[in-house]
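Open the model in your viewer and keep the sequence panel beside it. The stops below each give a selection and what to look for there.

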Amino acid sequence: MISIYNVLLVDDSWFIRQWLKHILAQTGRYHVIAETSTGREALPLYNEHQPDIVILDVIMDGLDGFQTLSLMKRLFPSAKVIMCSSLAQKHVIQRCLDLGAKDFIEKPYFDDLIQKLDNVLVD
């Protein structure tokens with residue numbers, strides 16, 4: 001039997017959310033249970049849906065991805081989060097990992113998205 005994993009998408013770009021939903025839907029194993037364009041909305045959505053994994057943008061208005069990740073890990077220590085951003089400099093990636101992210105995906109290079117999700121959920 002195939003496991004279905006629930007995903008929370010947090011990205012201020014509607015286009016990116018649609019693109020990610022399309023990639024995830026093609027697998028038959030990942031279901032976007034909720035999505036939002038803001039970090040502030042991500043926290044109550046996480047609490048409500050308890051997704052298996054979160055894909056979280058770094059650059060957003062209001063609470064940015066760093067702040068959202070920090071709060072999410074404080075409120076929900078077992079949250080599994082993969083950060084997603086075009087800002088893929090080493091210091092940005094390292095900060096995300098230091099705050100508790102499981103991995104980092106550089107936009108728009110989503111070829112290894114499913115492998116990264118699989119790696120995180122198998123741990």
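Helices (H or I, at least four residues) and strands (E, at least two) are DSSP runs, numbered from the N terminus. This is a predicted model, in which local features need pLDDT of at least 70 and side-chain atom pairs count only at pLDDT 80 or more, while totals for chains, interfaces and linings use all residues. Residues are numbered from 1 along each chain as its sequence is written, and side-chain values use heavy atoms, with hydrogens and water left out.

**Backbone stops**

Select glutamine 50, in the loop between α2 (39–49) and β3 (53–57). Glutamine 50 is not a glycine, yet its phi is positive, at about 45°. Its relative accessible area of 44% makes glutamine 50 partly exposed; buried means under 20%, exposed over 50% and partly exposed in between (1.4 Å probe, protein chains only).

Next, go to the loop between β5 (103–106) and α5 (113–122), where proline 108 lies. The peptide bond from lysine 107 to proline 108 is cis, with omega near -5°. Most residues other than glycine have a negative phi, and most peptide bonds are trans.

**Helix α1**

Select residues 14–27, which make up α1. Which residues of α1 are buried? They are Ile16, Arg17, Leu20, Ile23 and Leu24. These residues cover an arc of only 130° around the axis, which puts them on the same side of α1; the arc is that of the directions from the helix axis to the C-beta atoms. The buried residues of α1 pack against β1 (5–10), β2 (30–36), β3 and α5, where contact means heavy atoms within 4.5 Å. On the face turned away from the buried side, select the exposed residues Trp14, Phe15, Ala25 and Gln26. Just after α1, glycine 28 has a positive phi of about 75°.

**Aromatic rings**

The structure holds four aromatic pairs. Rings of Phe, Tyr and Trp (its six-membered ring) pair if their centres lie within 6.5 Å; planes under 30 degrees apart count as stacked, over 60 as edge-to-face and the rest as tilted. Phenylalanine 15 and tryptophan 19 form a tilted pair, 5.8 Å centre to centre with 55° between the planes. Being four residues apart in α1, phenylalanine 15 and tryptophan 19 are separated by about one helical turn.

Now select tyrosine 46 and phenylalanine 76, a tilted pair at 4.7 Å centre to centre and 40° between the planes. Tyrosine 46 lies in α2 and phenylalanine 76 in the loop between α3 (65–75) and β4 (81–85), so the pair ties together parts that are 30 residues apart in sequence. Both tyrosine 46 and phenylalanine 76 are buried.

How values were computed. The expected span of a helix is 1.5 Å times one less than its number of residues.
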